[in-house]
Amino acid sequence: MSSIEEKRANYRNLLNRPIKIFIDDDEDTMPVQGTCVDVSDGGMAVELGHPVAKGTLIRIENEFDFNSELAICLDQGTVIRCQEQDDKQFLLAISWSKTAL
């Protein structure tokens, strides 16, 4: 088992499904289409065509089956990391805001 796996607190469900997020910046909220790469109890990874600043609040509009284990998908989170990928896409790490529990 690698050290990354040992540190992981939550199991990740790999999805690679389209998702719509709303980025709440200082001026307004704009909808953006992306790809939900994976989701867990702690957050999700989303791939977008442009960067989003760390600390940015986002809201999620998804069509996940809420009768499945993916019901853990909450509707609000914070960008904790944004990394540029080789394919000119940006991978966002989003941490859930636990207010909806």
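P31 belongs to strand β2, and in this predicted model P31 counts as exposed because its relative accessibility is 53%, which is over the 50% that the term requires. Although P31 and K20 stand eleven residues apart in sequence, their C-alpha atoms are 6.6 Å apart in space. Once residues up to four places away in sequence are set aside, P31 touches K20, I21 and F22.

D38 lies in strand β2, which covers residues 29-39, and D38 counts as buried because its relative accessibility is 8%, a value under the 20% cut-off. Which residues is D38 in contact with, leaving aside its neighbours within four places in sequence? They are R12, N13, L14 and L15, together with M44 and A45. Of these, M44 also has a bridge partner in β6, namely I94.

From these residues the reader can turn to the chain as a whole. The protein chain contains one helix and six strands, and when they are followed from the N terminus the elements run α-β-β-β-β-β-β. The six strands close into a barrel, in the order β1-β2-β3-β6-β5-β4, with antiparallel pairing. From one strand to the next, the twist averages 45°.

Strand β3, made of residues 43-48, pairs with β6 in the antiparallel sense over six bridges. Between β5 and β6, which also run antiparallel, there are seven bridges, and T78 has S95 as its bridge partner in β6. Strand β4, made of residues 57-61, is joined to β5 by three bridges, and these two strands run antiparallel as well.

Most residues other than glycine have a negative phi, whereas K88 has a positive one although it is not a glycine. K88 lies in the loop between β5, residues 76-84, and β6, residues 90-96. With a relative accessibility of 59%, K88 counts as exposed.

Some values describe the chain overall. It has 101 residues, of which 34% count as buried. Among the contacts between residues at least 6 apart in sequence, 52% join residues that are at least 24 apart.

The mean pLDDT of the protein chain is 77, and 70% of its residues reach 70 or more. Where is confidence lowest, and where is it highest? It is lowest in helix α1, residues 3-7, with a mean of 50, and highest in β5, at 94. Where pLDDT is low, the predicted coordinates should not be read in detail.

Methods. Residues are numbered from 1 along each chain as its sequence is written. This is a predicted model: local features need pLDDT of at least 70, side-chain atom pairs count only at pLDDT 80 or more; totals for chains, interfaces and linings use all residues. Side-chain values use heavy atoms; hydrogens and water are left out. Helices (H or I, at least four residues) and strands (E, at least two) are DSSP runs, numbered from the N terminus. Buried means under 20% relative accessible area, exposed over 50%, partly exposed in between (1.4 Å probe, protein chains only). Contact means heavy atoms within 4.5 Å. pLDDT is the predictor's confidence in each residue, from 0 to 100. Two strands pair if DSSP finds at least two bridges between them. Axes are lines fitted to C-alpha atoms, for helices over the stretch in contact, and angles run from 0 to 180 degrees between N-to-C directions.
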